[in-house]
Amino acid sequence: MKTNRRQLMKGALALSALSMASPGRAKAAETTSVTVIGGGLSGLNSALMLKDAGYDVIVLEASDRVGGRVYTADGVETRPEYGASQIGKSYARTISLCERFNLKLIPEHRKLMAMSNYVNGQWVKSTDWEHSEVNKTVGDERKIPPALLSSKILTGLNPLKSLTDWLDPQFSDYDISIYDLFKQHGVSEEAIRLASATTDIHTASALGLLQEKNRGLFDLAFTKDVQEAVDRPYGYGNGKGMSEGLALINNIEGGCSRLPEAMAAALGDSVRTGKMVRKINMSKTGAEVTCMDGSRFKSDYVISALPFSTLQYVSVFPDLQGKQAEGVFKLDYVDTSRAFGIIEEPFWEEDGFEPSFFSDETVQMFWALEKRPDEDKPRFMVVFTDAAASRIDQYSKQKALAVMEAEINRIRPATKGKLRFLDMYGWKNNPMIQGCRHMYSPGQINRFAREIVKPHYRLHFAGEHTRRNDFGMESALESGERAAFEIISLG
Ligand SMILES: Cc1cc2nc3c(=O)[nH]c(=O)nc-3n(C[C@H](O)[C@H](O)[C@H](O)COP(=O)(O)OP(=O)(O)OC[C@H]3O[C@@H](n4cnc5c(N)ncnc54)[C@H](O)[C@@H]3O)c2cc1C
């Protein structure tokens, strides 16, 4: 008897119903050319480049949204950015993607008001800091605001010239702690103490941070035609004549998340959210990726765009080896935690100190932010980095906000009743990322930084921690591009 098309369809449906109904049966694997794991900027960029080159791709993202460390809090009043927002003038890939997806770049809307200091229990205006008795730093250090000490001293000691110098063995002596580097160069005890308020001076490799300083200087080369000279929060000095940071910052209109969302939209149903990968198995002929929900994806190649902080929970077969395994299991991730709110009344008119402040106590930095054109009140951010961020993130959000508010009120009584806290976000508490960024410990660049990007069988590596030239969002895109090129070049 000849089987017609309808009977065939019925048979197929019955079979698939049977396979869904039978306990213990594995779900059928989907097949594609490349499986990309991680839907942050790096993974999305790899996928877009591969799709543009004619490859079938699937992106598996564990959380229910794309973007990872790009995260606009759309549901919160003032729509703060939990993660990245600032786009430097030399961010060629980021700017080009914004053009491709018709996203408008607007001037930075997080303009930091001048910063006073609360040091050793006393208030000092920024204009008085250099000659104040409270300032116990020495020589030229005295001119540096305490919040910038770590960054500015590092910039002054930076021997790197080209963007990849940090990987050149001739600079390997700089792969020591910031503390040791500062001691070698006679930095005063008080400058080291104040620097340690904003930077993990004992556990971070100086060479890793010098790479970022160098990238900041590169950005500055793009300011030749820029007339504006202002302080900006991310990297602080971003105007003409400043020595570091991003040259002239832009934001994306409507929030930074619009970029990964547009990239994901261009990839259509290739992007699967809610897919937490637990296993990558590779053979001579291909790879199979398995998610926590049992779904499986077969492909020729796999790109891991996961931070190493979470890749280390994924089973990889054949096992990662040698220095690459050491990198995946040992690379450290540091925290950033930020609270957001509204300044109901200009408290600085009461006590006469500048609105923003640095303190060497519980609250590291309070940023008062100028009003945006559409706002009638200034906003604020309370910013914690590194160990200070990990400390505050040990509390629940509610408790952390209460501690912060009480502490700000204690050291600066004029703020009482004038701050309205809206929200906070600590990146160590994001289980899919577990930190704001990677941070090489002393000696780790020499041990494994050169090796961690090398493909492992059919597995290629992307993510900001695998950067070679860039930093921030641009480094995530750079890494995604490199991994895509590696696969395309295999033919
Ligand atoms: C507070 C903060 C401020 C920043 N500010 C700036 C700035 O102003 N300018 C700038 O240029 N850069 C900034 N950055 C840096 C920038 O956000 C990052 O460099 C970049 O977004 C990293 O992208 P990524 O793709 O490498 O990683 P991620 O964005 O972390 O993406 C990794 C993805 O993998 C997913 N994932 C994890 N585990 C699994 C799993 N098992 N299976 C599937 N998926 C998984 C995660 O959910 C995540 O979406 C900031 C970052 C932070 C945290």
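Biologist: Which residue stands opposite Ile-37 in S3?

Modeller: In this predicted model, Leu-60 of S3 stands opposite Ile-37.

Biologist: How do you know that strand S2 and strand S3 pair, and in which sense?

Modeller: Two strands count as paired if at least two bridges are found between them. Strand S2 (residues 34-37) and strand S3 (residues 57-60) have 4 bridges, so they meet that condition, and the sense is parallel.

Biologist: In what order do the 5 strands of the open sheet run?

Modeller: The order is S8-S3-S2-S12-S21, with parallel pairing.

Biologist: What makes S8 and S21 stand at the edges?

Modeller: Strand S8 (271-272) and strand S21 (459-461) each have a single partner strand, so one side of each lacks a neighbour in the sheet.

Biologist: Why is strand S18 called largely enclosed?

Modeller: A residue is buried when its relative accessible area is under 20%. In strand S18 (residues 379-385), 7 of the 7 residues are buried, so the rest of the structure largely encloses this strand.

Biologist: Which residues of S18 point one way, and which the other way?

Modeller: Arg-379, Met-381, Val-383 and Thr-385 point one way, while Phe-380, Val-382 and Phe-384 point the other; all are buried.

Biologist: How many bridges join strand S17 and S18?

Modeller: There are 5, again antiparallel, between S18 and strand S17 (residues 365-369). Here Met-365 stands opposite Val-383 of S18.

Biologist: Why is Phe-384 called buried?

Modeller: Its relative accessible area is 1%, and the cut-off is under 20%. Phe-384 therefore counts as buried.

Biologist: What is Phe-384 in contact with, leaving aside neighbours within four places in sequence?

Modeller: Its contacts include Asp-335, Thr-336, Gln-364, Ile-392 and Met-404.

Biologist: Which other residues does UniProt list for "binding site"?

Modeller: The unreviewed entry also gives Ser-42, Glu-61, Ala-62, Val-277 and Glu-464.

Biologist: Where does Ser-42 lie, and is Ser-42 buried or exposed?

Modeller: Ser-42 is part of helix H2 (residues 41-52). With 5% relative accessibility against a limit of under 20%, Ser-42 counts as buried. Beyond four places in sequence, Ser-42 touches residues including Ala-305, Ala-462, Gly-463 and Ser-479.

Biologist: Where is Glu-464 found, and is Glu-464 buried or exposed?

Modeller: Glu-464 sits in the loop between S21 and helix H15 (472-488). Its 10% relative accessibility is under the 20% limit, so Glu-464 counts as buried. Among the residues Glu-464 touches, beyond four places in sequence, are Arg-69, Tyr-333, Arg-437 and His-438.

Biologist: What makes the pair of side chains of Glu-464 and His-438 a polar contact?

Modeller: The distance cut-off for such a pair of N or O atoms is within 3.5 Å. The side chains of Glu-464 and His-438 make their polar contact at 3.0 Å, which is within that cut-off.

Biologist: Which residues of helix H10 are buried, and what do they pack against?

Modeller: In helix H10 (residues 322-330) they are Gln-324, Ala-325, Glu-326, Gly-327 and Val-328. The buried residues of H10 pack against helix H9 (308-311), helix H14 (444-449) and S21.

Note on methods
Residues are numbered from 1 along each chain as its sequence is written. This is a predicted model: local features need pLDDT of at least 70, side-chain atom pairs count only at pLDDT 80 or more; totals for chains, interfaces and linings use all residues. Side-chain values use heavy atoms; hydrogens and water are left out. Helices (H or I, at least four residues) and strands (E, at least two) are DSSP runs, numbered from the N terminus. Buried means under 20% relative accessible area, exposed over 50%, partly exposed in between (1.4 Å probe, protein chains only). UniProt positions are given in the numbering used here, feature names are shortened, and annotations may be inferred rather than shown by experiment. Contact means heavy atoms within 4.5 Å. A polar contact is a pair of N or O atoms within 3.5 Å; within protein, one must be able to donate a hydrogen and the other to accept it, and residues adjacent in sequence count only if both atoms are side-chain atoms.
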